[in-house]
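Please look through the sequence and the 3D structure below. The paragraphs after them go from one part to the next.

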Amino acid sequence: MPAGTLFIVATPIGNLADLSPRALETLRSVAAICAEDTRHSGQLLSHFGVDKPLLALHEHNEDALAQRIVSRLLAGESLALVSDAGTPLVSDPGYRVVRAARAAGVKVSPVPGACAAIAALSVAGLPSDRFAFEGFLPAKAAARRERLQRLAGETRTLVFYESSHRIAESLADMRAAFGDDRPAVLARELTKLFETVLDGTLAGLHARVEADDNQRKGEFVVVVQGAGDDAEAQLAEGLRVHAILGQHLPPSTAAKLAAEITGAPRKALYARGGSG
């Protein structure tokens, strides 16, 4: 008996009308559906009249279930994998199952559809020919700030996911790492009733979020323009190195060494990196 196919099926990120006809046909045709949250996916399937067994597949059990899923595929069953919303495996579990299926010679086929990161990028009005998807930043402040400092010199447009609990703090940390004037877009609740897409500088967006409770509700995509030119990228890298050295050295010494290492202007590093 030939092996089945593992279909990676994108589902809506909010507006249910965004489920494609092919995705619906696929979900109706498979033997079972692997879902990140069976209750959430169950509601979606019920809305479309799809009655298929659901198998919970999340970050805590993915390794354990991968071989069971592959065994079913090798036995001839076709299965679908969905996430809570959007395109699976984009900041969601599933890659271990895909890797195991491919290693076993099983066909893995995408059924494309909605993706919050791409949807936000498409309406941001920021350079989209080259971009870096960073997903969710670390929850802890120190780790988040370190990650952002490492990205300060990145010239590609940056795309982040963020939750309502941390959006204000993350925007504040982005201001510190990238500068108040860095252009950015804040996309909230995309395709849903209260969708908003705000653009401006990081400082301006942070101020709007702080001033409006409604802008701290929902699910967010933050799109940040990359470091604009060689000088800006060099300064950003200098600030990153200065921040590391500044943990162990006096500010003036840290600025001097960071300037020697990166070529960034020492005075600018001293002024923007903090002098005391």
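**A walk through the model**

Leaving aside neighbours within four places in sequence, E162 is in contact with F136, L137, I167, S170, E219 and F220. The model is a predicted one. With S170, the side chain of E162 makes a polar contact of 2.6 Å. Is E162 buried or exposed? Its relative accessible area is 4%, and the cut-off for buried is under 20%, so E162 counts as buried.

E162 belongs to strand β7, which covers residues 157–163. This strand is part of an open sheet of 5 strands with mixed pairing, and the order across the sheet is β6-β7-β10-β8-β9. The edges are taken by β6 (131–136) and β9 (196–201). Each of these two has a single partner strand, so one side of each has no neighbour in the sheet. On average, neighbouring strands of the sheet are turned by 15° against each other, with direction ignored.

Which way do β7 and β10 run relative to each other? They are antiparallel, and 6 bridges join them, with β10 made up of residues 219–224. Y161 in this region stands opposite V221 of β10. A helix also belongs to this part of the picture: α5 (residues 116–124) lies across β6, β7, β8 (183–188), β9 and β10. The helix runs at about 50° to β10.

Next come the aromatic side chains. A pair of aromatic rings is described by how far apart the centres are and by the angle of the planes. The structure holds 2 aromatic pairs. One of them is formed by F133 and Y161, at 5.0 Å centre to centre and with 75° between the planes, which is edge-to-face. F133 lies in strand β6 and Y161 in strand β7, so this pair ties together parts that are 28 residues apart in sequence. F133 is partly exposed at 31% relative accessibility, whereas Y161 is buried, with a relative accessible area of 10%.

F136 and Y161 form an aromatic pair that is also edge-to-face, with 5.6 Å from centre to centre and 65° between the planes. Here F136 lies in β6 and Y161 in β7, so the pair ties together parts that are 25 residues apart in sequence. F136 has a relative accessibility of 43% and counts as partly exposed. F133, F136 and Y161 together make up one aromatic cluster.

The last topic is charged side chains. How many salt bridges does the structure hold? There are 16 salt bridges. One of them joins the side chains of D37 and R39, at 3.7 Å from N to O. D37 is partly exposed at 23% relative accessibility, while R39 is exposed, with a relative accessible area of 67%.

Another salt bridge links the side chains of R72 and E77, where the N to O distance is 2.6 Å. R72 is partly exposed with a relative accessible area of 31%, and E77 is partly exposed at 27%. E154 and R156 meet through their side chains in a salt bridge of 2.9 Å, N to O. In this pair E154 is buried, with a relative accessible area of 18%, and R156 is partly exposed, with 30%. Salt bridges also link E62, D63 and R96 in a network.

Terms used: Residues are numbered from 1 along each chain as its sequence is written. This is a predicted model: local features need pLDDT of at least 70, side-chain atom pairs count only at pLDDT 80 or more; totals for chains, interfaces and linings use all residues. Side-chain values use heavy atoms; hydrogens and water are left out. Helices (H or I, at least four residues) and strands (E, at least two) are DSSP runs, numbered from the N terminus. Buried means under 20% relative accessible area, exposed over 50%, partly exposed in between (1.4 Å probe, protein chains only). A polar contact is a pair of N or O atoms within 3.5 Å; within protein, one must be able to donate a hydrogen and the other to accept it, and residues adjacent in sequence count only if both atoms are side-chain atoms. Contact means heavy atoms within 4.5 Å. Two strands pair if DSSP finds at least two bridges between them. Axes are lines fitted to C-alpha atoms, for helices over the stretch in contact, and angles run from 0 to 180 degrees between N-to-C directions. Rings of Phe, Tyr and Trp (its six-membered ring) pair if their centres lie within 6.5 Å; planes under 30 degrees apart count as stacked, over 60 as edge-to-face and the rest as tilted. A salt bridge is a side-chain nitrogen of Lys or Arg within 4 Å of a carboxyl oxygen of Asp or Glu.
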